[in-house]
Amino acid sequence: MGLRDFVAAMPKVELHVHLEGSIRPATLLTLARRNGVSLPAGDLEGLRAFYRFADFDHFIRVYMLISSCLKTPADFGLVAYEFGADMARQNIRYAEVTFSPHTHVAYTGLPFDEILAGLNDGRARAKEDFGIDFAWVLDIVRDDPETSYPVAVWAANSRDEGVVALGLGGTERGHPPQGFADAFALAREAGLHSVPHAGEVAGPESVWSALRALGAERIGHGVRCVEDPALVAYLAERQIPLEVCPTSNLCLGVYPSYAQHPFRALWDRGLHLTANSDDPPMFNTDLVGEYMALSEHMDFDAPALERLSLNALRASFLSRSRKQEMADTFRNEFRDLRNQVLA
Ligand SMILES: [Zn+2]
């Protein structure tokens, strides 16, 4: 028994993971076949090649093709259910899961409510069968700014149906956060949280703009803050959480290697970091893999990985009482696991 067993068994929380980017490869092939979508890959090996990305734009094109394989409310339910099963396999107790609704309304012609009902059916079944829980972050795709308002309205009207936040994804370069201020203002007024992607493909100015124009409470990625010492100091002082996805950053060319990734440097500066898998099968990873990469390449030991898990819990949008209760459980389990697995 070693650290991998410990990491696999420790209770975890994940905050930056996309539902469409988490579809199991075998399920994607089945959906494509059933729904008459032509993929450039017909088997798992072909999909691995399909998931090798030249750059961010290429990644977005693949992502859109994957998204087009979902056609019916039952399809959405299936991928949500399997997402919950994959959480349970990794002992992820709670997740906040990003979903880009406008893409699917456009692709399927279904009303948003039917898509959300499908998703929530899968979510409820997963909760029941696996004892895990997750909530939704509805995401604006910044490439289509005109869709930002409808997505914000859908999110604002779905607070009782598991939606906790409004997100902003897609092509960061050329679509700065300030263009989405109205949509985020609407969502925040309705009581939703603000979790835009920023500082991944674009630099520190994008993070500043996400904080100032969108009232960002957490930053998706945010790693390129490292290029601006004033921003690093600001994020550290206010303990604004970053949802860092190291392997995703390598696969999309943000950094050439784990050795050159700023995770460790930002951690040592006292930032509130969380580790996340982003689009796990597309990057041949999962949350356990991300924790192991931090251990192998950045010297994270068991106590540091425990802190990382608690950081994610603390940065989540669960109620204060639920966080407290879960943190107590997590600490007890960490102690027992350390004795059983690492002793
Ligand atoms: Zn993302």
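**Ser316**

I started with Ser316 and asked: is it buried or exposed? Ser316 has 23 C-beta neighbours inside 10 Å, so it counts as buried. (My cut-offs: buried means 20 or more other C-beta atoms within 10 Å of a residue's own, exposed means 12 or fewer, and partly exposed is in between, with C-beta atoms placed from the backbone.)

This is a predicted model, so local features need pLDDT of at least 70 and side-chain atom pairs count only at pLDDT 80 or more, while totals for chains, interfaces and linings use all residues. Residues are numbered from 1 along each chain as its sequence is written.

Next I looked up where Ser316 sits: it is in the loop between helix H15 (302–315) and helix H16 (320–342). (Helices, H or I with at least four residues, and strands, E with at least two, are DSSP runs numbered from the N terminus.)

Which residues does Ser316 touch, leaving out those up to four places away in sequence? I found Val13, Leu15, Tyr94, Glu96 and Lys323. (Contact means that the C-beta atoms, placed from the backbone, lie within 7 Å.) I also checked Ser158: it is 158 residues from Ser316 in sequence and 18 Å away in space, C-alpha to C-alpha.

**The sheet**

S1 and strand S2 (residues 92–99) run parallel and are joined by 5 bridges. (Strands pair if DSSP finds at least two bridges between them.)

Then I followed S2 to its other partner. Strand S3 (residues 133–141) runs parallel to S2, with 6 bridges between them. Phe99 has Leu138 in S3 as its bridge partner. How many residues of S2 are buried? I got 8 of its 8, so to speak a mostly covered strand.

Zooming out, I saw 8 strands in an open sheet with parallel pairing, in the order S1-S2-S3-S4-S5-S6-S7-S8. Strand S1 (12–18) and strand S8 (273–275) are at the edges with a single partner strand each, so one side of each has no neighbour in the sheet. From one strand to the next, the twist averages 25°. (Axes are lines fitted to C-alpha atoms, for helices over the stretch in contact, and angles run from 0 to 180 degrees between N-to-C directions.)

Helix H14 (residues 287–298) lies across S1, S2 and S8, at about 125° to S8.

**Helix H7**

I picked H7 (residues 112–130) next. Its 19 residues reach 27 Å from first C-alpha to last, close to the expected 27 Å at 1.5 Å a residue. (The expected span is 1.5 Å times one less than the number of residues.)

Which residues of H7 are buried? My list is Ile115, Leu116, Gly118, Leu119, Gly122, Arg123 and Ala126. They are on the same side of H7, because they cover an arc of only 155° around the axis. (The arc is that of the directions from the helix axis to the C-beta atoms.) Their cover includes helix H5 (73–89), S2, helix H6 (101–108) and S3. Just after H7, Gly131 has a positive phi of about 70°.

**The whole chain**

Last, I counted 16 helices and 8 strands in the chain. Its radius of gyration is 19 Å, close to the 20 Å from the globule rule for 343 residues, so the chain is as compact as a globular protein of that length. (The radius is taken over C-alpha atoms; the rule is 2.2 Å times the number of residues to the power 0.38.) Buried residues make up 48% of the 343.

Notes:
Contact = placed C-beta atoms within 7 Å.
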